[in-house]
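This report takes up a pocket and a point of backbone geometry. The sequence and structure are shown first.

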Amino acid sequence: MAEAELKRHALAFLTPQGKALLKKELYPLYAGEEQDRLKEVLEGGADVPGIVRRAERREARLALGFVPQRRLSSGNRLRIAAYAPSDAVRKLRSPYELAQEDFPVRNLSMEAVQRLCALALARGITIGVIGSAGLEIATGLPYTDEASDLDMLLKPAPHRLLAEFYREAKEMYPRLVLDFEVELPNGYGTKLAELFMDGRSVLGKSVCDVRLLQKEDIAVFFKETLI
């Protein structure tokens, strides 16, 4: 597994041995309905991947976050932080691969994924699917519901094109919470909305850390000034 593949939001599918090890490590930490949700992730019929997350590095271990499909009785989703052996990852999938797949359009969120992927393609923007919608495409489980935000990942493009895409997306789906992140070539991701705000910096997140990025330093990725 190449280091370059280990980007935030990538989906890591584990071997049966890797899942067995996580069961041994994680089950004692959870009880009640939380343990039930954990079992659904590690023992359920669907192959639920872990999401590459930011965390302190551990030798020969990959930091992953698992999200069960069913919500807790509180309405919240359980988010499970884990470290899986690197050699237990049998497959990695990127959000951009998911955006190219066919999937059932069973609700407003998944309709929006389909239409916004088409809109991005028409604008010459590379788009990926993350969050609940990404997990739904990857597993076939009904992760999205009426409470779901729509999370998508974009590659850098000219600032003008990104602004047009963002405006059109909000006009198409005013009732959905649209959360777009731009994945920068320097390894950081930043919220698309922040690029359009006043100010000379944006918050950047990588698999290693979080820091402020100066707009003048990342403007080269967008081929136009950001301030």
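## Largest pocket

The model is predicted. Its largest pocket has a volume of about 840 Å³. The lining of this pocket consists of 33 residues. H9, I51, R79, G131 and D151 are the lining residues that lie nearest the pocket centre.

## Make-up of the lining

Several elements give two or more residues to the lining of the largest pocket. The strands among them are β2 (50–52), β3 (61–66), β4 (80–85) and β8 (178–183). The helices are α3 (95–99) and α5 (131–139). With four residues, α5 gives the most to this lining.

By residue class, the lining of the largest pocket holds 13 nonpolar and 13 charged residues, along with seven polar ones.

## Positive phi angles

Most residues other than glycine have a negative phi. H9, one of the residues nearest the centre of the largest pocket, has a positive phi near 80°. H9 is placed in the segment before β1 (11–14). Its relative accessible area is 16%, under the 20% cut-off, so H9 counts as buried.

A60 is not a glycine either, and its phi is positive at about 65°. Is A60 buried or exposed? A60 is exposed, because its relative accessible area of 55% is over the 50% cut-off.

Methods:
Residues are numbered from 1 along each chain as its sequence is written. This is a predicted model: local features need pLDDT of at least 70, side-chain atom pairs count only at pLDDT 80 or more; totals for chains, interfaces and linings use all residues. Side-chain values use heavy atoms; hydrogens and water are left out. On a 1 Å grid over the protein atoms alone, a cavity is a set of points where a 1.4 Å probe fits but cannot get out, and a pocket is an open set with protein on both sides within 12 Å along at least five of seven lines; lining residues have an atom within 4 Å of a point. Grid points are joined across faces, edges and corners, and a volume is the space filled by probe spheres set on the points. Ala, Val, Leu, Ile, Met, Phe, Trp, Tyr, Cys and Pro count as nonpolar, Asp, Glu, Lys and Arg as charged, and the others, Gly among them, as polar. Buried means under 20% relative accessible area, exposed over 50%, partly exposed in between (1.4 Å probe, protein chains only).
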